[in-house]
Amino acid sequence: MKMKAWSAAGLLASIALIAAGCGSGSAPAETSNAAATAAATAAASPAASGGAQKLTGDFEIQYFVGGYGDKWWKQVIADFQAANPDLKIKESAGPKINEQMKPRWIGGNPPDFVYIDGPELFDRQMVTDGQLEDLTDWIKDAKNVDGEKILDLLAQQPQQFDGKIYNIPFVMSSWGIFYDKALFKEKGWSEPKDFDEFLNVSETIKAAGVNPFIHTGKYPYYINGAVLYPAIVSANNNDYNLLKDMASNNLEAWKNPAILKGLDKIVQLRDKGFIDKASVQINHTDSQSLFLQHKDAFIPNGLWLPNEMAKDVPNGFDFGFIPSITQDKGGKVVANTSTSTFAIAKKAKNKEAAKAFMQFVFSKKQASQWAELSGAPSNIKGDISASNAPNFVKDAAKFLSSPDTVVVPNVSFAADVDKAMQDATVALTIGTITPEEWVKRVSDVVAKQKK
């Protein structure tokens, strides 16, 4: 229950921060005088440079550039550089940076600080491979540049791996199903409250010549996060601990019949012809484009979707958001949250700078700046009373604040297991395997992890 409260508070708390950047509906403006702002920050917060300790040497930061963009990264690094002029900061960034940096991680020459987000980076696998610094003792009492205890500011607490903490969540999001409220109002289609209603409205949508459902075929973790995992939780009497047991490679957990029941929901969508056949061949942006063009009515995605596609959103498009559509009639909505985290490499060459940077970014100022420049929620608690958030965030808040919603904390799987689940789900959506074969495929990989 404690984890549920933390997760719900996280996304709700971040709404106020989003409002600064998205409330007007216009794109956030670039900060005009980064150096002056940074200098003022440094002067106001002596701790920004790591307290009395002067930071020197080389300091490398790896960050993935995806739906959230890189405006915040450019700004926060400029701020940190101004506060630490003797530090030589190197940015290793881009949409393919995780793949490009993989040989260095394997070769024992990683960057100092890493943002764990995007393809090719799996926190559990990095922990298993001994690539991340154990932050358990440090984070217990670590304070940010304003002297506030970091753990006290977090809406969702760090995930633990065998009782240890290796990465700290900074970005908060939720998986779910998006649709266009304006289109639904025009057509007289109803927002589904459960799986039966989803099937019924999908039948109506299909009869109108629109594909009811499209998913990001080349990145099946979208449909897993927004459809399969909530379905499994619902089938397991709303107990998300099954997902945590699955993620810990507990072979007995993979025998739970709730997994088959969850997979059957995807089978029903497939057999009724509701899944756009183009899904399996295209990536996330292509599927999102088809959704925005009203070729498809529903798409599983994360709360970053509107910001990621901001340049392509048609006039009048009104994002609607539902955390889950797989619950039975009268059942609770299941919100599967996700976080993107910060970590320090175990073989970092400048751990002092990495820890100082961690203290620098986990401040309310940086959380607000993140929301302004990325248009996305942060994991730092804040006041939501004066929020003027976009509609889709208000929808998320409505669900997450409801006692009828089960809020699932972030759960991460080992890379090989996650890949096996993704591949098996794609096969399931096109009918080349059964739910039982899905389970066998994945549990065989889990068994290898146990050896």
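Colleague: Where does I168 lie?

Modeller: I168 is part of strand β4, residues 167-180; helices (H or I, at least four residues) and strands (E, at least two) are DSSP runs, numbered from the N terminus. Before we go on: this is a predicted model, where local features need pLDDT of at least 70, side-chain atom pairs count only at pLDDT 80 or more, and totals for chains, interfaces and linings use all residues. Residues are numbered from 1 along each chain as its sequence is written, and side-chain values use heavy atoms, with hydrogens and water left out.

Colleague: Okay. Is I168 buried or exposed?

Modeller: I168 counts as buried because its relative accessibility is 0%. Buried means under 20% relative accessible area, exposed over 50%, and partly exposed in between (1.4 Å probe, protein chains only).

Colleague: What does I168 touch?

Modeller: Not counting residues up to four places away in sequence, I168 touches L135, I139, L154, P158, S340, T341, F342, M358 and F362. A contact here means heavy atoms within 4.5 Å. As for Y115, 53 residues away along the chain, its C-alpha atom is 9.7 Å from that of I168.

Colleague: S340 is on that list. Which strand is S340 in, and what does its side chain pair with?

Modeller: S340 belongs to strand β8, residues 333-344, and its side chain makes a polar contact with the side chain of D117 at 3.4 Å. A polar contact is a pair of N or O atoms within 3.5 Å; within protein, one must be able to donate a hydrogen and the other to accept it, and residues adjacent in sequence count only if both atoms are side-chain atoms. S340 is buried too, at 6% relative accessibility. Leaving out residues up to four places away in sequence, S340 touches residues including Y115, I168 and F170.

Colleague: Switching to T136: what polar contacts does its side chain make?

Modeller: One is with the side chain of D134, at 2.5 Å. Also, a polar atom of the T136 side chain lies 2.9 Å from the backbone nitrogen of I165. T136 sits in helix α6, residues 136-141, and is buried at 11% relative accessible area.

Colleague: Now the big picture. How many residues are in the largest nonpolar core?

Modeller: That core has 116 residues, and W73 and W438 have the most contacts inside it. By nonpolar core I mean a set of buried Ala, Val, Leu, Ile, Met, Phe, Trp, Tyr and Cys residues joined through side-chain atoms within 4.5 Å. Helix α10 (residues 221-235) gives the most, with eight residues.

Colleague: Where does this core lie relative to domain 1 and domain 2?

Modeller: Between them, because domain 1 (57-172 + 338-402) and domain 2 (174-337 + 410-450) both give residues to it. Those bounds come from an automatic or database domain assignment. A second, separate core of 15 residues includes F178 and F392.

Colleague: And salt bridges, how many?

Modeller: The structure holds 13, each being a side-chain nitrogen of Lys or Arg within 4 Å of a carboxyl oxygen of Asp or Glu. One of them joins E91 and K74, with closest N and O atoms 3.2 Å apart. That pair links distant parts of the chain: E91 is in strand β2 (residues 87-94) and K74 in helix α3 (residues 71-83), 17 residues apart.

Colleague: What about D423 and K419?

Modeller: Their side chains meet in a salt bridge at 2.7 Å, N to O. D423 and K419 are four residues apart in helix α18 (residues 415-429), so about one helical turn separates them.
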